Structure formats: C-alpha cells, structure tokens
Amino acid sequence: MLLAAGLAVSASIAFAAGTQVYNPQTRQWTDYDRTKAYKYYKLHNEVPEAFRPQTVKFRTAEVPGTIIIDGNQHFLYLVQPGQQAMRYGIGVGRDGFGWAGIVRVGRMAEWPTWTPPAEMVARDPKAMKYAAGMAGGPDNPLGARALYLYERDQDTIYRIHGTPEPWTIGLDVSSGCIRMRNDDVTDLASRVKVGAKVIVLMQGAALYKGV
C-alpha cells in the first residue's frame, strides 16, 4: 500500500529539517538548499561528494537487487551481497508530495517519453502543452532512463528517473518521483531487473546519517 507522507506527523518534521550535507573540512553538517545546490554545481560541475555513487556498508534482511529509498537523507540504496549497497544521491518529493510504500519495478525505458498526469496538467500551465506526451531527449524531465514503479500490476504514476537538472539532487523538488543524475540512473538501470522490490521509507523513518 502506498502512503502519502503528508498524512504523517513525522513528515512535517522531516520536511522542516531540510537537507544537510557533511562538510569533511569543518566536520559539521551544513544546510543545503536549492540556491546553494545550484551555486555548488556551477562551481564544480558536480554534486557534493555525499550524493555521488559509492559502495557503502549496509545491513538489511532484503535480498540483493532490492532498492531502498531514504527520502530524508536523499539516498537510494541498491542492496548488494555481503552486507553492502550501492548508494546514489536522489531528489525527492517536495512538501505535500512525499509518499511511502513497497512497490516494484514494473518496466524500464531508455530516453522515455514524458506524459504529465492529469493532476499536474490541471495545476501547472507549463505541463499543458505536453499533455499528449513529450518525446525523450536531454531536455525531457525523465532524463536518460525511467524505472516505472508498480503496485502489483497497477502503475503508481511514480518513477525513478533521470533529470536535466542534476544540481537538484539532494533536494525536495519533485512531484513525488525519485530523480537521479542521468549517469546514475543509467547505471542503476543496468544493475536492476524488472520485478525488483522497491521500498520507499516514510519521511521521518530515515536511516542514520552516514550509513
């Protein structure tokens, strides 16, 4: 069952806390908002090290190939053998668009067509021109790959996908989908099989910082 994070008391606490990144020079956690993220990317042509792919220690009872998404800390973990995981930085749903649940990868697509849901078309005039679909390409909001998330045999309308705005990784920016850098989602798609289990944690139920 999918759960809207906005219905949980813990969700408002999580959103209020905002994103933080660890500064190894000062050994402190510092706030990381959209303005800082954009400036950092323009200066380094890269996201902060914490949001770049890396192998980390990860203890879980889930089998290798499972995806676990920690929206609070903006990390996606792909479970690997030997109590390890591939960790990627992600952008997640902004206030009011968070959700949680256990779903699966129903299908995957390369340079997918983006068709905004009716709800988005209704609230966002910019999306109206693409109501019939936007062809895949570097400017497409779904980026280089999309992993379509299903609950049983039903498309949830949520995806794990790439983005033409890599500086937004690490932020609460989306309408509920999980966004990744194009290189990262391409790598993830090459490692994941259709049918893979995807666990999206409720905001406020995050894993410890530094996992």
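Strand 9 (residues 99-110) pairs with strand 14 (residues 197-200) in the antiparallel sense, over four bridges. Helices and strands are here DSSP runs, numbered from the N terminus, with at least four residues of H or I for a helix and at least two of E for a strand; two strands pair if DSSP finds at least two bridges between them. Strand 9 is also joined to strand 10 (residues 145-151), again in the antiparallel sense, by six bridges. Arg104 has a partner in each of these pairings: its bridge partner in strand 14 is Lys197, and in strand 10 it stands opposite Tyr150.

The model is a predicted one, in which local features need pLDDT of at least 70 and side-chain atom pairs count only at pLDDT 80 or more, whereas totals for chains, interfaces and linings use all residues. Residues are numbered from 1 along each chain as its sequence is written, and side-chain values use heavy atoms, with hydrogens and water left out.

Thr163 belongs to the loop between strand 11 (154-161) and strand 12 (172-174). Is Thr163 buried or exposed? Thr163 counts as buried because its relative accessibility is 3%, the cut-offs for relative accessible area being under 20% for buried, over 50% for exposed and partly exposed in between (1.4 Å probe, protein chains only). Leaving aside neighbours within four places in sequence, Thr163 is in contact, meaning heavy atoms within 4.5 Å, with residues including Pro141, Gly143, Ile169, Arg179 and Met180. A polar atom of the Thr163 side chain also lies 3.0 Å from the backbone nitrogen of Glu165.

At the start of helix 2, a side-chain oxygen of Asp33 comes to within 3.2 Å of the backbone nitrogen of Thr35. Asn45 follows helix 2 and has a positive phi, near 55 degrees, although this residue is not a glycine. Asn45 is found in the loop that leads from helix 2 to strand 4 (54-57). With a relative accessible area of 58%, Asn45 is exposed.

A positive phi also occurs at Arg27, likewise not a glycine, with a value of about 55 degrees. Arg27 is located in the loop between strand 2 (20-23) and strand 3 (28-31). The relative accessible area of Arg27 is 68%, so this residue is classed as exposed.

Methods
A polar contact is a pair of N or O atoms within 3.5 Å; within protein, one must be able to donate a hydrogen and the other to accept it, and residues adjacent in sequence count only if both atoms are side-chain atoms.
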